[in-house]
Structures are given as C-alpha cells and as structure tokens.
Amino acid sequence: MRRCMYTGLEAPNRTDAEVIHLPLITILPKAPIASAFARINEATHIIVTSKTTVALAKEHFQNAEKIYISVGSATTAHLKAIGIKNIMTAKNECQEGIIELIEELALTNPTFFWPHSSLSRPILSDYFKEKNYPLIECHLYDTHFAAPQQRIDLATIDEIHFTSPSCVHAFFHHFGPPPAHISLHCKGSVTKTCLD
C-alpha cells in the first residue's frame with residue numbers, strides 16, 4: 001500500500017493508501033480577534049480565503065448577514081457548516097480567482113472585509129487599491145513552522161501532499177529537497193508555483 005504524507009493541518013481519510021499526517025505548520029491567532037472585527041458591519045462583502053479563517057471567525061460570521069466571497073469549495077463547505085448561506089465561490093481557487101469572480105459582478109459602492117493570514121499575498125489588496133474599492137483588511141492569524149511530531153524515513157514515503165506555500169517552506173526547512181522517488185502533490189496553483 002502506498003504511504004502518503006500530508007503536511008497541512010488536516011489529512012483526508014483514504015482507503016487506497018496509508019496516510020501519515022505530519023503537520024509542519026501551526027496557526028497562532030492574533031489577539032484580540034474581537035477588535036479585528038470591529039468594522040465588519042461597514043462591509044457589503046466578506047472575503048474568506050481559508051478554512052482557518054472560518055474556524056477563527058465563526059461567531060463573527062454567524063452574526064454578519066453579508067455576501068460572502070469564498071476562495072474555493074472546501075472553504076465554502078466550512079462556511080455552509082456554520083450556517084452561512086449567501087456565498088459566491090471562486091472557480092479558480094486562489095486570490096486571482098476571487099478577482100475574476102468580482103470582475104464578473106456589477107457592483108455599486110461595495111466595501112470589502114478581508115480577514116486573513118499575515119503571510120497572505122498582497123494580490124487582493126493591490127487589486128482593491130487599483131479599483132478604488134474600500135477594503136477593511138485585518139491580519140487574523142500568523143502561520144509558523146511546526147517541528148515534526150514523529151520521525152519519518154522519507155525513503156519509505158511514496159507521496160507528499162502540500163496544501164499551502166507555508167507547508168512547502170516548512171518541509172524544506174525540516175527535510176531539505178524531497179527525494180526524487182516521491183510523487184509530489186500540491187493544492188492549488190500558488191502552492192505548485194512555490195514548490196517549483
């Protein structure tokens with residue numbers, strides 16, 4: 001049976017492979033979260049670019065009847081799980097996909113609220129400045145490397161799955177380049193670009 005290592009915060013249930021979950025990142029909320037959301041009511045649209053954001057902002061989202069713009073299907077599923085219904089989902093699961101979605105909308109005087117990781121790329125911020133759309137932006141959490149919690153012999157691993165650029169950087173920090181025999185998988189084009 002293939003041995004598949006997952007480096008992100010979650011690992012899937014698989015029956016076709018032995019899953020080794022070795023999270024190489026950890027999330028640290030920036031305190032206080034409540035103050036970061038003090039201006040959420042000014043927004044017409046809330047941009048959600050990760051499942052982590054949904055988990056940290058659950059109560060604030062549940063109390064804000066807005067239009068939600070989700071980065072992808074997994075994030076949308078997490079929003080629906082906490083009772084959010086008015087969701088638009090980007091087809092291309094990255095910040096560029098969110099921009100593509102916004103470009104398709106006929107917006108009149110929108111104000112966007114975007115809570116996100118302190119490591120998020122500035123693509124959205126730059127776009128809103130260029131379009132002159134008001135953006136309320138807050139750094140909701142930090143992403144840090146996490147030391148592996150178990151010893152792994154990479155010679156016994158068949159696949160490695162990376163869910164974010166942070167996972168790629170953490171892997172190279174702890175292990176160096178992956179051995180050539182391992183099949184590498186990335187979630188999303190941004191993570192793939194980082195790995196390349």
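**Entry 1: Ile-160**

I started at Ile-160, and leaving out residues up to four places away in sequence, I found that Ile-160 touches Met-5, Thr-7, Leu-154, Phe-171, Pro-178, Ile-182, Ser-183, Leu-184 and His-185. Contact here means heavy atoms within 4.5 Å. A note for anyone joining me: this is a predicted model, where local features need pLDDT of at least 70 and side-chain atom pairs count only at pLDDT 80 or more, while totals for chains, interfaces and linings use all residues. Residues are numbered from 1 along each chain as its sequence is written, and side-chain values use heavy atoms, with hydrogens and water left out.

I then looked up where Ile-160 sits, which is strand β9 (residues 159-162). Helices (H or I, at least four residues) and strands (E, at least two) are DSSP runs, numbered from the N terminus. Ile-160 counts as buried, at 0% relative accessibility. For that term I use under 20% relative accessible area for buried, over 50% for exposed, and partly exposed in between (1.4 Å probe, protein chains only). Cys-4 is 156 residues from Ile-160 along the chain, yet their C-alpha atoms are separated by 5.8 Å.

**Entry 2: the cores**

Which residues have the most contacts inside the largest nonpolar core? I found Ile-46, Phe-61, Tyr-68, Leu-79 and Phe-113, in a core of 20 residues. A nonpolar core is a set of buried Ala, Val, Leu, Ile, Met, Phe, Trp, Tyr and Cys residues joined through side-chain atoms within 4.5 Å. The elements giving two or more residues to this core are β4 (45-48), α2 and β8. β8 gives the most, with 4 residues. I also noted a second, separate core of 16 residues, which includes Phe-162, Cys-167, Val-168 and Leu-195. As background, nonpolar side chains tend to be buried together in soluble globular proteins.

Next I checked Leu-79. Setting aside its neighbours within four places in sequence, Leu-79 is in contact with Val-48, Val-54, Phe-61, Tyr-68, Ser-70, Ile-84 and Ile-87.

In α2, I found Thr-52, Thr-53, Val-54, Ala-57 and Phe-61 buried. They lie on the same side of α2 because they cover an arc of only 150 degrees around the axis. The arc is that of the directions from the helix axis to the C-beta atoms. The face of α2 turned away from this side carries exposed Ala-55 and Glu-59. The buried residues of α2 pack against β3, β4, β5 (67-70), α3, β7 and β8.

In α3, Thr-75, Thr-76 and Leu-79 are buried. Their arc, seen down the axis of α3, is within 100 degrees, so they line one face of the helix. On the other side of α3, I found Ser-73, Lys-80 and Ala-81 exposed. The buried residues of α3 pack against β4, α2, β5 and β6 (87-89). Gly-83, which follows α3, has a positive phi, near 95 degrees.

**Entry 3: the largest pocket**

How much space lies in the largest pocket? I read about 1100 Å³. On a 1 Å grid over the protein atoms alone, a pocket is an open set of points where a 1.4 Å probe fits, with protein on both sides within 12 Å along at least five of seven lines; lining residues have an atom within 4 Å of a point. Grid points are joined across faces, edges and corners, and a volume is the space filled by probe spheres set on the points. Of the 39 lining residues, the closest to the centre are Thr-49, Ser-50, Thr-163, Ser-164 and Pro-165. Among the elements that give two or more residues to the lining are α2 (51-62), α3 (73-81) and β8 (135-145).

**Entry 4: two asparagines**

Most residues other than glycine have a negative phi. I looked up Asn-109, which has a positive phi of about 50 degrees although it is not a glycine. Asn-109 lies in the loop between α4 (95-104) and β7, and counts as exposed at 67% relative accessibility. Asn-132 is in the loop between α5 (123-131) and β8, and is exposed, with a relative accessible area of 65%.
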